[in-house]
Amino acid sequence: MTRAWHRPPTRGVEWEFEKVTFSREFPRNVVTKALVERAEHGGWELDRVRIGADGTRRVILRRKIIRAVRTA
């Protein structure tokens, strides 16, 4: 399950977040490769990882939202 959302704007930087869940059947090296792929090709960085009692990994990725400023 993947879902992206935006955090309310604050001073300075705005971030976009995405939740990714991996079941316990995925070995650590497969999860690492998937996250590295998203980082290299999508501009995502690791924000938080939680490992549940059942072994599922809940990962939150983030990336900066770059707003284009119009010049006259």
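Is Asp47 buried, exposed or partly exposed? Asp47 counts as partly exposed, at 28% relative accessibility. The model described here is predicted, and it contains four salt bridges.

**Strands E2 and E4: Glu16 and Arg63**
- A salt bridge joins the side chains of Arg63 and Glu16, with an N to O distance of 3.1 Å.
- Because Arg63 belongs to strand E4 (residues 57-65) and Glu16 to strand E2 (residues 14-22), this pair ties together parts that are 47 residues apart in sequence.
- The relative accessibility of Glu16 is 15%, so this residue counts as buried.
- Arg63 has a relative accessibility of 27% and therefore counts as partly exposed.

**Strand E2 and helix H1: Glu18 and Arg38**
- Glu18 and Arg38 also meet through their side chains in a salt bridge, at 2.9 Å from N to O.
- Here the link runs between distant parts of the chain, with Glu18 in strand E2 and Arg38 in helix H1 (residues 28-42), 20 residues apart.
- Glu18 is buried, given its relative accessible area of 9%.
- Arg38 counts as partly exposed, with a relative accessibility of 29%.

**Strands E3 and E4: Asp47, Arg62 and Glu45**
- The side chains of Asp47 and Arg62 form a salt bridge with an N to O distance of 3.8 Å, which falls within the 4 Å cut-off for such a contact.
- Asp47 is part of strand E3 (residues 45-51) and Arg62 is part of strand E4, so the two residues tie together parts that are 15 residues apart in sequence.
- Arg62 has a relative accessible area of 24%, which places this residue in the partly exposed class.
- The pair also belongs to a network of salt bridges that links Glu45, Asp47 and Arg62.

**Nonpolar surface patch**
- Leu46, Val49 and Ile51 make a nonpolar surface patch of about 300 Å².
- Val49, one of the residues in this patch, lies in strand E3.
- With 41% relative accessibility, Val49 counts as partly exposed.

**Background to the charged pairs**
- In general, side chains that carry opposite charges can pair when their charged atoms come close.

Methods: Residues numbered from 1 in each chain as written. Predicted model: local features only at pLDDT ≥ 70, side-chain atom pairs only at ≥ 80, totals over all residues. Heavy atoms only, no water. Helix = DSSP H or I, 4+ residues; strand = E, 2+ residues; numbered from the N terminus. Buried < 20%, exposed > 50% of the residue type's maximum accessible area, 1.4 Å probe, protein only. Patch = residues over 30% accessible without salt bridge, like charges linked within 9 Å, V, L, I, M, F, W, Y side chains within 5 Å. Areas by Shrake-Rupley, 256 points an atom, 1.4 Å probe, with all protein chains shown as cover.
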